[in-house]
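I opened the model to look up a few things about its chain. My notes follow in the order I made them.

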Amino acid sequence: MKNKELKILLSAPRGFCAGVERAIEIVEKSIKKYGAPVYVRHEIVHNKHVVDNLKSKGAVFVEELEEIEDKSRPVIFSAHGVPKQIPEDASNYEMTYVDATCPLVSKVHREAENLFKLGYHIILIGHKNHPEVIGTMGQLKKGSIDLIQNEEEAENYQIDNGKKIAYITQTTLSVDDTKEIIKVLKRKFPNLKEPMKEDICYATTNRQMAVKEIAKNCDMFFVIGSRNSSNSVRLVEVAKKSGCENAYLIHSESKIPFEEIENCRTIGISSGASAPEILVKNFINELKNNFSITIDEIEIIKENVVFKVPNKLN
Ligand code: SF4
């Protein structure tokens, strides 16, 4: 098998975004400042490798504040953002908290608040039950934001004719699918107000553009990332829609399909915004053990976005 030649098109940019880097740094710096344990509400970012690594350094992951027995310890809110009630609850418990919400998610939160103040009813395009969607909807009182997940829901959406409406979106959606949903909404509601600047973030957009560029030239495509990582799952969909039907997510329990890869000349690789580069390296090393590989990295844009951690941790 080792002699079989395999070309890898390595998609770039891929992997960690600025929001993920910042969230991980916040946990590490909090452990340094406050000592262990430091609690983290929800997976800081959706990646098992990252979570396990932080656990080994002294982070304890919980889903709700109520689970924290020793409330004298600090708690960190994940990069996905939290409903307004959560920091309030932490304050009521007299807990120290650090907010690792990505600044680009916070931007959407502020947008929602401003639109509400201006009298708009808000449509949020996103996926039900994703923590970011729960966090964004939780910025305003119940009933102020309606969730729309797809074109069909957009077609069926009804609202009083007289109401001013605006839309915002989850940051990690498929750029192309979202365009179609917005098209439907604009046809139905010509006065629909749009965000000043797109809510789908730069990292999601760039990773999808890069996959689109490569997928059509690949016999198989692999995205390294977790099953609950929205932007990783979207990358698999983008690869499929862009000409590579055989696109798969490689998560912590995946087995590499060597037999299928045996039939390929070229495969594509990318990774979600919460997947560390070491997982891409490990995957490529596994392939190296079985094939004679050449790697061609295709970089469609350079990223230089950096988000600072809160001052209190420096
Ligand atoms: S994917 Fe985008 S919104 Fe999410 S953490 Fe990264 S930069 Fe922020």
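**Entry 1: Val305**

I found Val305 in the segment after strand S12 (292-299). Helices (H or I, at least four residues) and strands (E, at least two) are DSSP runs, numbered from the N terminus. I noted that this is a predicted model, where local features need pLDDT of at least 70 and side-chain atom pairs count only at pLDDT 80 or more, while totals for chains, interfaces and linings use all residues. Residues are numbered from 1 along each chain as its sequence is written, and side-chain values use heavy atoms, with hydrogens and water left out.

(Buried means under 20% relative accessible area, exposed over 50%, partly exposed in between, with a 1.4 Å probe and protein chains only.) Leaving aside neighbours within four places in sequence, I listed Ala18 and Tyr202 as in contact with Val305; contact means heavy atoms within 4.5 Å. I also looked up Ala203, which lies 102 residues from Val305 in sequence and 9.2 Å from Val305 in space, C-alpha to C-alpha.

**Entry 2: Domains**

I wrote down domain 1 (5-16 + 202-299), domain 2 (18-99) and domain 3 (103-200). The bounds come from an automatic or database domain assignment. The centres of domain 1 and domain 3, taken over C-alpha atoms, are 30 Å apart. Their contact takes 11 residues from domain 1 and 12 residues from domain 3.

**Entry 3: H1 and H2**

At what angle do helix H1 (residues 18-34) and helix H2 (residues 48-57) pack? I read about 10°, with the axes 10 Å apart. Axes are lines fitted to C-alpha atoms, for helices over the stretch in contact, and angles run from 0 to 180 degrees between N-to-C directions. H1 and H2 are therefore roughly parallel to each other (angles under 35 degrees count as such). From H1, Ile24, Val27, Glu28 and Ile31 meet Val50, Leu54 and Lys57 of H2.

**Entry 4: Cores**

A nonpolar core is a set of buried Ala, Val, Leu, Ile, Met, Phe, Trp, Tyr and Cys residues joined through side-chain atoms within 4.5 Å. I found 25 residues in the largest one, where Val27, Ile44, Leu54 and Ile76 have the most contacts inside it. H1 gives the most to this core, with 6 residues. For Leu54, I set aside neighbours within four places in sequence and noted contacts including Ile44, Ala59 and Phe61. A second, separate core has 18 residues, among them Ile8, Ile250, Ile269 and Leu287.

Technical notes. Angles under 35 degrees count as roughly parallel, over 145 as roughly antiparallel, 65 to 115 as roughly perpendicular and the rest as oblique.
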